[in-house]
Amino acid sequence: LPLCCYLMGCGSVESVSAFQKSDGSFYSPRLAASNVKSIRPSGISFKFHLGKFMDESVQSMMSPGLDMVLVTCRQKDEELNDILYSVWDHLKLDGMIVVDHMRSNPKSFEVFKSFCKVHAREHVFFETRYGNAAVQK
């Protein structure tokens, strides 16, 4: 849902790389592709990975560089830290990372703030239902 909302508001998106953490339950990648195509039926490249974030295929999906990273589901603190550091290396200059569930998970918000401090960046916090935080490279 957050990705589709972003696509509705940003018409210049040319490609999307999506990741779903594998938890053992069935998840069809066709569902994600169908949702994206319902918003943008043509003109968008879509890649999807189901598995572990540190899988080689996820890393190669990020290699062209990222303009925007949306972390939309709750993460364990160390998983969030791994994600932030991994995507930062692939984020283009002026790229953004937006993380959801910062209000509902104060420890994760501390991880996020610490990450921003290490990279000498100021974060922005948005007072939403779960609390969103963003940082720009």
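**View 1. The structure holds one cavity of 30 Å³ or more.** This is a predicted model, in which local features need pLDDT of at least 70 and side-chain atom pairs count only at pLDDT 80 or more, while totals for chains, interfaces and linings use all residues. Residues are numbered from 1 along each chain as its sequence is written, and side-chain values use heavy atoms, with hydrogens and water left out. A cavity here is a set of points, on a 1 Å grid over the protein atoms alone, where a 1.4 Å probe fits but cannot get out.

**View 2. Which residues line the largest cavity?** Look for Val71, Cys73, Arg74, Gln75, Leu80, Val99, Asp100, His101, Met102, Asn105 and Ser108; lining residues have an atom within 4 Å of a point. By class, the lining has five nonpolar, four polar and two charged residues (Ala, Val, Leu, Ile, Met, Phe, Trp, Tyr, Cys and Pro count as nonpolar, Asp, Glu, Lys and Arg as charged, and the others, Gly among them, as polar).

**View 3. Three aromatic pairs are counted in the model, and Trp88 with Phe115 is an edge-to-face one.** Rings of Phe, Tyr and Trp (its six-membered ring) pair if their centres lie within 6.5 Å, and planes under 30 degrees apart count as stacked, over 60 as edge-to-face and the rest as tilted. Helices (H or I, at least four residues) and strands (E, at least two) are DSSP runs, numbered from the N terminus. Both Trp88 and Phe115 are buried, where buried means under 20% relative accessible area, exposed over 50% and partly exposed in between (1.4 Å probe, protein chains only).

**View 4. Phe109 and Phe125 make a tilted aromatic pair.** Their centres are 5.2 Å apart, with 40 degrees between the planes. Phe109 belongs to helix α5 and Phe125 to strand β5 (residues 123–126), 16 residues apart. Phe109 is buried at 14% relative accessibility, whereas Phe125, at 27%, is partly exposed.

**View 5. Ser86 is found in helix α4.** With a relative accessible area of 9%, Ser86 is buried. Leaving aside neighbours within four places in sequence, Ser86 is in contact with Phe53, Met54, Gln59 and Met62 (contact means heavy atoms within 4.5 Å).

Methods:
On a 1 Å grid over the protein atoms alone, a cavity is a set of points where a 1.4 Å probe fits but cannot get out, and a pocket is an open set with protein on both sides within 12 Å along at least five of seven lines; lining residues have an atom within 4 Å of a point. Grid points are joined across faces, edges and corners, and a volume is the space filled by probe spheres set on the points.
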